[in-house]
Amino acid sequence: MGGLLTVLVSPGAHAAPAALTDPAKAAAVAAELGDDRSAGVYYKDGRLVVGVTDEAAAGSVRSAGGTAEVVTHSANELDSIHAELDRLAGIPNTTWGVDPSSNQVSVKIFDGVSTADRARLERAATLHGDAVRIERRSGKLEPAAYDMRGGVGIVSDDWLCSSAFNVQNNSGEKFMLTAGHCTIGQNFTWYRYSGTIKLGTVTDWSYEPGDWAVVDYTNPDVSPLGMVQYRDGTSSQITASRWVSDGEKVKRVGTTSQDLDGIVLQPSTTVNYPDEGVTLYNMVETSLCSKHGDSGGALFAGTTALGINSGGNYLDYACGNTDAQTDRVSYYHPVQDVLLKKDLRVF
């Protein structure tokens with residue numbers, strides 16, 4: 001018969017602590033040690049590390065399941081140096097900040113700094129020995145580009161509309177889609193409604209039998225993003241486009257209102273607008289409400305672009321922000337039609 005295998009465990013033995021992989025928990029361990037004994041949390045060779053200034057502190061980190069590295073300068077010392085350098089704030093084309101992974105304050109000097117300013121900054125930095133690292137970088141610092149997303153308000157000669165989707169051609173050149181009727185009256189140059197930042201110029205458009213326009217981004221300070229933006233400032237990435245399906249759930253964004261949840265009522269509808277007897281064909285009808293200013297906004301499902309807002313039955317009261325309203329409908333030009341016509345794609 002087989003023997004009985006007995007495993008004896010010492011009463012004083014304890015299971016090893018779980019590996020510390022959550023940055024927030026690692027930061028809590030460092031905070032418990034205090035800024036005089038810790039030196040920040042960082043990744044090194046793919047591992048989460050807590051910098052410490054003595055072996056006893058390192059033991060505390062290891063007891064919590066973390067990886068410790070004994071370093072020379074504490075978080076308190078580096079923060080103090082950072083604060084001292086802040087007295088030199090205002091020198092253009094320079095930056096400085098604490099770099100926990102190198103256990104130093106990193107000072108970067110870009111092109112365009114005068115000889116006198118560079119000397120001032122270098123003198124202040126060298127007073128702290130190896131606690132400060134000075135780097136020379138090429139180029140000049142510039143403000144970040146203005147982000148542009150679908151659903152954001154756009155204006156041209158006081159005409160308010162909304163952007164639908166940012167798209168690009170095979171060369172990577174970026175364009176914005178909006179409603180074609182927004183260009184009536186020679187509204188060809190468009191600006192962002194917030195901040196009146198110039199965006200670009202209409203390159204092609206249609207208002208009867210369709211309702212779409214393509215705006216070429218001509219301002220290099222604008223950064224078109226492949227997203228749609230909600231009213232609370234959050235965004236959703238768009239990764240694909242297609243034709244709609246009857247009865248599918250859809251969402252809409254625009255600058256004047258949002259009625260976020262609705263369905264496709266008819267995937268191909270003929271719309272007869274009263275103004276100048278305009279008739280649009282193959283438009284998507286939805287249960288979503290829309291208001292003046294929402295024209296050109298985005299219709300989508302998840303991460304998929306579906307349509308460009310054309311209009312609806314406008315009433316005096318506001319649209320809802322949750323569910324569709326039974327007496328309201330809105331119409332959209334299929335985005336896939338424009339993309340195929342103009343050889344464009346979402347990104």
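Which residues of helix 2 (residues 55-63) are buried?

Author: The model is a predicted one, and the description below should be read with that in view. In helix 2, which spans residues 55-63, the buried residues are Ala57, Ala58 and Val61. Viewed along the axis of helix 2, these buried residues fall within an arc of 105 degrees, so they line one face of the helix. An α-helix has 3.6 residues a turn, so residues three or four places apart point the same way.

The partners of this face can also be named. The buried residues of helix 2 pack against helix 1, strand 2 (47-52) and strand 3 (67-70). On the face turned away from the buried side, helix 2 carries the exposed residues Glu55, Ala56 and Ser63.

The two ends of the helix deserve attention as well. At the start of helix 2, a side-chain oxygen of aspartate 54 comes to within 3.1 Å of the backbone nitrogen of alanine 56. Just after helix 2, glycine 65 adopts a positive phi of about 90 degrees.

Threonine 21 is found in the segment before helix 1 (23-33). With a relative accessible area of 60%, threonine 21 is exposed, because the cut-off for that term is over 50%. If its neighbours within four places in sequence are set aside, threonine 21 is in contact with Tyr43 and Leu48. Threonine 21 and alanine 75 are 54 residues apart in sequence, and their C-alpha atoms are 21 Å apart in space.

Histidine 333 belongs to strand 23 (residues 330-334). Its relative accessibility is 4%, so histidine 333 counts as buried, the limit being under 20%. The side chains of histidine 333 and aspartate 337 are joined by a polar contact of 2.7 Å. Apart from neighbours within four places in sequence, the residues in contact with histidine 333 include Trp212, Met283, Leu306 and Val338.

The aromatic rings remain to be described. A search of the whole structure finds two aromatic pairs. One is formed by phenylalanine 188 and tryptophan 205; this pair is tilted, with 6.4 Å from centre to centre and 50 degrees between the planes. Phenylalanine 188 lies in the loop between strand 11 (174-178) and strand 12 (189-192), and tryptophan 205 lies in strand 13 (residues 198-207), so the pair ties together parts that are 17 residues apart in sequence. Phenylalanine 188 is partly exposed, at a relative accessible area of 25%, and tryptophan 205 is also partly exposed, at 34%.

In the pair of tyrosine 230 and phenylalanine 300, the ring centres are 6.3 Å apart and the planes stand at 50 degrees, so this pair is tilted. The pair links distant parts of the chain, 70 residues apart: tyrosine 230 is in the loop between strand 15 (222-229) and strand 16 (235-237), and phenylalanine 300 is in strand 21 (residues 298-301). Tyrosine 230 is buried, with a relative accessible area of 16%, and phenylalanine 300 is buried, with a value of 0%.

Key. Residues numbered from 1 in each chain as written. Predicted model: local features only at pLDDT ≥ 70, side-chain atom pairs only at ≥ 80, totals over all residues. Heavy atoms only, no water. Helix = DSSP H or I, 4+ residues; strand = E, 2+ residues; numbered from the N terminus. Buried < 20%, exposed > 50% of the residue type's maximum accessible area, 1.4 Å probe, protein only. Contact = heavy atoms within 4.5 Å. Polar contact = N/O pair within 3.5 Å; in protein donor to acceptor, adjacent residues only side chain to side chain. Arc of directions from axis to C-beta. Phe/Tyr/Trp six-rings, centres within 6.5 Å; stacked < 30°, edge-to-face > 60°.
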